[in-house]
Amino acid sequence: MKQPIAASTYPRELIALVRSLDCAEVCVRVADHYLGNLEQDDPQSYYEGGAYPQWLHGNTMNLRATLPELRAAALCAVRLKHPELGIAANALGDFEPPTAVAAIMAPIIKNPLYGNNLGGHPPKRLLEVPARLSQSHQGRFVIFYGDAFLIPSEISDDFVEVWFRRSLGFWSDGGAYPAYLEKRPYGWQAYGVEA
């Protein structure tokens, strides 16, 4: 019997590649945001403030240059895992959720448990709630900027690692929303770029 797509497991190398790509995407956008604000708000520090802004700019450019190759490698790996899904790339080369994946992830993304009513990073009391709720709801959570996304128990951890970020929507440049996941006892803490 064929395994349901939501229960799919992925090689740890593929998960590591996707995590590296997701983290690199966030790092580049955070550095761009910081440098853009510094250049606009304090041009003297940006242009004459010593080596730090230029060092950060140079390293961000180097990391940005690796993104197309990381995206291509991740796309190739995910296509090899799921050749039946016809996984497509967006204009930036990042893979997008195919219809079968979108059908699984859309209800999760559209119905966060807390609806962003807590603002910012979740307080300690919120981090205690998922452990209790995950037992009653039979799942785990992704906590992201005050939202708690319930991940049903039939969805594998690997599936979440690969598809959660790509199911959040798109950034202004057409790429998947920049976020990366960090494993926690209740599921995951997601970190992203808020601009």
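**View A. Lys183 and Asp157 in a salt bridge.** Lys183 is partly exposed, with a relative accessible area of 40%, and Asp157 likewise counts as partly exposed at 30% relative accessibility (buried means under 20% relative accessible area, exposed over 50%, and partly exposed in between, with a 1.4 Å probe and protein chains only). This is a predicted model, in which local features need pLDDT of at least 70, side-chain atom pairs count only at pLDDT 80 or more, and totals for chains, interfaces and linings use all residues. Residues are numbered from 1 along each chain as its sequence is written, and side-chain values use heavy atoms, with hydrogens and water left out. The side chains of Lys183 and Asp157 meet at 3.2 Å, N to O (a salt bridge is a side-chain nitrogen of Lys or Arg within 4 Å of a carboxyl oxygen of Asp or Glu). Lys183 lies in strand E3 (residues 179–184) and Asp157 in helix H6, so the pair ties together parts that are 26 residues apart in sequence (helices, H or I with at least four residues, and strands, E with at least two, are DSSP runs numbered from the N terminus).

**View B. Arg165 and Arg166 in a network of salt bridges.** Arg165 forms a salt bridge with Asp22, the closest N and O atoms being 2.6 Å apart. Because Arg165 lies in helix H6 and Asp22 in helix H1 (residues 12–41), this pair ties together parts that are 143 residues apart in sequence, and both residues are buried. Arg166 forms a salt bridge with Asp94, with 3.3 Å between the closest N and O atoms, and both Arg166 and Asp94 are buried.

**View C. The contact of helix H4 with helix H6.** The axes of H4 (residues 99–110) and H6 (residues 157–167) come within 10 Å and cross at roughly 70° (axes are lines fitted to C-alpha atoms, for helices over the stretch in contact, and angles run from 0 to 180 degrees between N-to-C directions). Val101, Ile104, Met105 and Ile109 of H4 make the contact with Phe159, Trp163, Phe164 and Ser167 of H6 (contact means heavy atoms within 4.5 Å).

**View D. Strand E1 and its partners E2 and E4.** Six of the six residues of E1 (residues 139–144) are buried. E1 pairs with strand E2 (residues 147–152) in the antiparallel sense over six bridges, whereas three bridges join E1 to strand E4 (residues 187–192), these two running parallel (two strands pair if DSSP finds at least two bridges between them).
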